[in-house]
Amino acid sequence: MMGNTMSLVSAALKEGRVAPTELCQRCLSLIKSTKFLNAYITVAEETALKQAEESEKRYRRGQPLGVLDGIPIAVKDNFNTAGIETTCASNMLKGYISPYNATVVQKLLDQGAVLLGKTNLDEFAMGSGSTDGVFGPVRNPWSYSRQYKEKSVPKSHSEDKDSNWVITGGSSGGSAAAVSSFTCFAALGSDTGGSTRNPAAHCGVVGLKPTYGLISRHGLIPLVNSMDVPGILTRCVDDAAVVLGSLAGHDPKDSTTIQDNFKPFELSNLPDVSKLSIGIPKEYHAPGLSSEILALWSKAADLFKNAGAKVIEVSLPHTRYSIVCYHVLCTAEVASNMARFDGLEYGHRSDMNKSTESMYAATRREGFNDVVRGRILSGNYFMLKQNYENYFIKAQKVRRLIANDFVKVFGSGVDILLTPTTLSDAVPYTEFIKEDNRTRSAQDDILTQAANMAGLPAINVPTALSERGLPVGLQFIGRSFQEKQLLTVAKWFEKQVKFPTIQLEEVKRHDHGVFQHQKSASFL
Amino acid sequence: NYLRIVGLEIHAQISSNSKLFSGSQVQFAAPPNSLVSFFDASLPGTLPVLNRRCVEAAVMTGLALNCSINKKSLFDRKHYFYADLPAGYQITQQRVPIAVNGSLSYSLCIDNKMSQMVTKTVRIKQIQLEQDSGKSLHDDTRSQTLVDLNRAGVGLMEVVMEPDMCCGEEAAAAVRELQLILQTLGSSQAVMSEGQLRVDANVSVHHPGEPYGVRTEVKNINSIRFLAKAVDYEIQRQIKELESGRTILNETRAFDSKLGCTVPMRDKEGKQDYRFMPEPNLPPLILYDAKSLPANMNHQQVVNIDWIHERLPDLPSVKRAKLVERYGILPEHSFTLLNEDGLSEFFEDVIKQTQMKPKKVIGWILKDLLSYLKKHSLTVKESPVSSFLLADLLNRLEEKEISSTAAKQVFAELWKGEGKTPLEIVKEKKLQLIQDQKDLEQICQTVIDGQENEVMAIKAGNRKVLNKLIGLVQRETQGRSNPVLVKQLLEKKLSE
């Protein structure tokens, strides 16, 4: 049951084979026994059970609100949730109880979803490992999978079962881990430079980054307003389509959402890719790309070819500038967005009270970690009058060039781009922290960032296990607002690769033998 | 020997129900922090949503000031840390404001008597939409600052006037005219005492032919009167400084109304770099006109410049011209009429209800009514004498039922607001003019008979002495004789 997709569980709820409260209890219990993953910052047990009870009443009356009714979900802790702590994994917001729900949270609750809790992340979503939050790093559930353990070479004497654990990727690592370890059926993340797709790839789940402007950001604590989108993490592409359908659409509270009416769609069970043109951007053969992933990428291209699709190499020439461009624009927006954290109206306030200025300084030093402070300083530097033209304006222009690369390619008849999502499978934590956050982000974001620059929809689909027994995913990038086409291709690909289910001890114990080795083919 | 250069930055609070980017209410003097939305408090995750009424107010104002309205304008963030700025930045329009390149005409009296007016023009550089900040009150005794965010996020129009003015009087007149325009449009109530209109002056001096001098910014000006004082003081201060061989610092100074001088402001140390950045959460503001309006556009979602233009009310300058043309009053009269809230309407109401010619009515309005109002610090709305009562009084005067002296007496009585009509007061105080000509003739004869010397002087050619006789008749009749008639009768008798 726990390993099921949302659609299957939803059917089970409707048919009365399982009750919402039971489902909720099982998830809560599994969260407890997988606590070592540190995927959740806050578990909202009481409210979740209440929501489950309400859902149960509706099912008994035969009036469920929809597919999401009674479905346990988790939300990244940078989304505002009324009455439930929202921390952004930062000391600045520890204990902060928001008075309002983010629009996306409200929409899920309005559909009857059961909010289990808030998931862990890099502080203020800055990072690609989910290792730099004040509540500690998130552990990739695959670290404890049979698949990984079988492949990992046990270190001789100082063998600590734990020391080998690998990162989830970030910054939505908690959400990815939560979905991957079956504690929930869908989770919200956010994606600014790859923060949903990256951990999705490392945790073997589907990670969808929608087109900028499709889903409301009202209530999502911003990192880069012009690039942020709410991200969707699920166990299969169909589930992502369902969640997308419940979230997309104009929000009057967010002036950057498009006005056009969004029509939720269902994906065909027999997706057809033979008429499509798949582009392979050569610049995504980036330095540091593991040979494994390169091989998988190539195999994937062949899969499409064999299915009759046109597969061609394309060029996105400005890809190599995206890191520095992102760095300037991101830090500038960060410096601006973090200016509101002064300790006056909410959040942490330092005891220093000699003057307002000293209180601000102390509050911000105490409240923010080094990563955040580093970006604020950089960003302010780039926005100084004497630097603005050379850095910020220049970066905006480069951003336009990067976006135009995609416009040209899509304009030349290519429908979808196929690229790797990450350079390698997940690395062990001990190795990851050898480099600083900035270096890691620069390395890891290279394959995902450009889609944020251009505002395009992109999705990670789990593809295969690496030699180390860890998930590797591939990424599809689509045209603006063409999520239906994007997800259709993703679904087709998902069916082809039949990515294996994670085999976790803890889940086995909880699932009373209903545990299934599910192949994608049986997702019907 | 010195050219005086004065420019102004004026912030006018937009008259709207809700704030510029959030739905919380706009209201003066509400309990502290009772009108603060999540967005105003800068709660993380909240986003700005533009208020359509504020855009319309800015377009109206731009059109009234002869500006070009930018069909596409942009929003920016201006960063600085201050207790009354919760987000750490203000949303404003720095790159492309909503309106540019306009002009404002205003008039000044050449002398003090309001008898000769000259028209001047000041160029309007731009009008931009921006957020107001909250208010902070410094409590030095307890070493704390109290912050009230009610005003945070209220919509402002910043009107920038180019340095085309040269003294306090010009600055004051320009601001006064702007105030009237805003009030006529309804885009701002522009009451300075309620902080709805704030003026900062930029002042510099230089010798003709030399480059412009260093300028100072003068803030904390709380009335139009103080604006004139502050500007003139600052001009003099700068001249004195330069004459003494010192230099002017490019600084911000506050006007101290008690001392009547400008003093350096402690707060502003060094130059601030506001690190302007585009506001990423607001798309460009697109305005339409009749030509560019797409056919299928939901008209609730668009602001049509032409539609607004068609519905602009008569601006003060037009109103004044109409008053002068329609009623034959002097231009300076029209200024005074419009300067007092409600006075021109009062004037027109009286005109409607009386046969007295407007040229005569205006005297009563501007001299009698207005001076009484000023003396008692009342507004036109609070006048105990209604237009109906005044018209009634003026009619009695026109009908020659009372003399003009008597009329003034009646007016004074009416002012007491005891509810008596002019007729009642006339009867009570026995102010009716003697209507019986025979009676009057007899009194005239009596006076003539009693003033032999004066009669001889008049007959000898000294017409001025006639006034003495008229005065005596007036005294005899206790002011109840029509002096014009008395003069006629006396002249007739004396020529016999």
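Predicted model: local features only at pLDDT ≥ 70, side-chain atom pairs only at ≥ 80, totals over all residues.
Student: Why do the buried residues of α9(A) line one face of the helix?

Tutor: The general idea is that an α-helix has 3.6 residues a turn, so residues three or four places apart point the same way. Here I293(A), L296(A), W297(A), A300(A), A301(A) and F304(A) are buried, where buried means under 20% relative accessible area. Seen down the axis of α9(A), these buried residues fall within an arc of 140°, so they line one face of the helix.

Student: Which residues are exposed on the other side of α9(A)?

Tutor: On that other side S291(A), K299(A) and N306(A) are exposed.

Student: Which elements do the buried residues of α9(A) pack against?

Tutor: Their partners in chain A include the strands β7 (277-281), β8 (310-314) and β9 (416-420), as well as β10 (458-465) and β11 (471-477), and the helix α17 (483-497) is also among them.

Student: Turning to chain B, what radius of gyration does the chain have beside that of a compact globule?

Tutor: A compact globule of 496 residues would have a radius of gyration near 23 Å, whereas chain B has 30 Å. Along its principal axes, the C-alpha trace of chain B spans about 95 × 65 × 55 Å.

Notes:
Residues numbered from 1 in each chain as written. Chains lettered and ligands numbered in written order. Heavy atoms only, no water. Buried < 20%, exposed > 50% of the residue type's maximum accessible area, 1.4 Å probe, protein only. Helix = DSSP H or I, 4+ residues; strand = E, 2+ residues; numbered from the N terminus. Arc of directions from axis to C-beta. Contact = heavy atoms within 4.5 Å. Rg over C-alpha atoms; globule rule 2.2 N^0.38 Å.
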